[in-house]
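Reader: Hi! Could you walk me through this one?
Author: Happy to. Here it is.

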Amino acid sequence: MPAAESAVAGAWRRWWRMEPRGSFPGYVIAAWHLALIPSLLILLAAHALFSTAGVDVSDLQKPPVELKPRSVWMAVLAAPLIETLVLGLLLRLLEFATPRRQVLALLSALAWGGAHAWFHPLWFFGTVWSFYVFSRGWLAWRPVSYKHAFGAAALPHALVNSSALLMQFFAKTS
């Protein structure tokens, strides 16, 4: 197992430095976890903070809905593909404001968090970190190719959305 642990640690280090070297699948797996776990923790902290402050969080979150095949395909396939195309365009436009990749990723994440919050305010907290990770993936792999940049953002996005849907599915008690 030490070789596998070393590969994962290397993928995380490459993600942090925005280096596209190494295994692309390893990068995608690392980015998936780097997006999902902190996003869940941020969302749970925001939920707890608002609840403790006496805010009715049910007004801030998406109402529970029945998972239908159409919504699954939208979340797992359509949203990551369409949003990644827009992400690439947004990052290109933001490059006119600053060449610093960390700042570009942060501005992109805030824009995506705000766009998701437009629909359901708590979604800001669930998406802002994930889109920081997706933006960093795009920026890291863009020097290799657009195909790699697209995959480095879209694949972890699809995996995060799949994870969220699976959690919804298994959270249902009836």
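Author: One term before we start: a nonpolar core is a set of buried Ala, Val, Leu, Ile, Met, Phe, Trp, Tyr and Cys residues joined through side-chain atoms within 4.5 Å. Also, please keep in mind that this is a predicted model.

Reader: Thanks! Which residues have the most contacts inside the largest nonpolar core?
Author: Those are L87, L91, F134, W138, L139 and W141, in a core of 27 residues. At least two core residues come from each of α2 (24–52), α3 (69–94), α4 (101–119), α5 (123–141) and α6 (146–171).

Reader: And which helix gives the most to this core?
Author: That would be α5, with nine residues.

Reader: Let's step back a bit. How many helices and strands does the chain have?
Author: Six helices and zero strands, so the pattern along the sequence reads α-α-α-α-α-α.

Reader: What share of the residues is buried?
Author: Of the 174 residues in the chain, 37% are buried.

Reader: Back to W141. What does W141 touch, apart from its neighbours within four places in sequence?
Author: W141 is in contact with P20, G22, F24, Y27, H148, A149 and A152. Ring pairs also join W141 with F24 and Y27 in a cluster.

Reader: Nice. How many aromatic pairs are there in the structure?
Author: There are seven. One of them is F24 with W141: the ring centres are 4.9 Å apart and the planes stand at 90 degrees, so this pair is edge-to-face.

Reader: Why does that pair tie together parts that are apart in sequence?
Author: Because F24 belongs to helix α2 and W141 to helix α5, the pair links parts that are 117 residues apart in sequence.

Reader: Are F24 and W141 buried or exposed?
Author: Both F24 and W141 are buried. Another edge-to-face pair is F124 with F125, at 5.3 Å centre to centre and with 85 degrees between the planes.

Reader: And why does F124 count as partly exposed?
Author: Because its relative accessibility is 23%, and the cut-off for buried is under 20%. F125 is partly exposed as well, with a relative accessible area of 24%.

Reader: New topic: where does the charged end of R142 sit?
Author: Over the ring of Y146, 3.4 Å from the ring centre.

Reader: Last one. What does the accessible surface of the chain come to?
Author: About 10300 Å², and 72% of that belongs to carbon and sulfur atoms.

Conventions. Residues are numbered from 1 along each chain as its sequence is written. This is a predicted model: local features need pLDDT of at least 70, side-chain atom pairs count only at pLDDT 80 or more; totals for chains, interfaces and linings use all residues. Side-chain values use heavy atoms; hydrogens and water are left out. Buried means under 20% relative accessible area, exposed over 50%, partly exposed in between (1.4 Å probe, protein chains only). Helices (H or I, at least four residues) and strands (E, at least two) are DSSP runs, numbered from the N terminus. Contact means heavy atoms within 4.5 Å. Rings of Phe, Tyr and Trp (its six-membered ring) pair if their centres lie within 6.5 Å; planes under 30 degrees apart count as stacked, over 60 as edge-to-face and the rest as tilted. A charge sits over a ring if NZ of Lys or CZ of Arg is within 6 Å of the ring centre and within 35 degrees of the ring normal. Accessible areas come from the Shrake-Rupley method with a 1.4 Å probe; for residues, only the protein chains shown count as cover.
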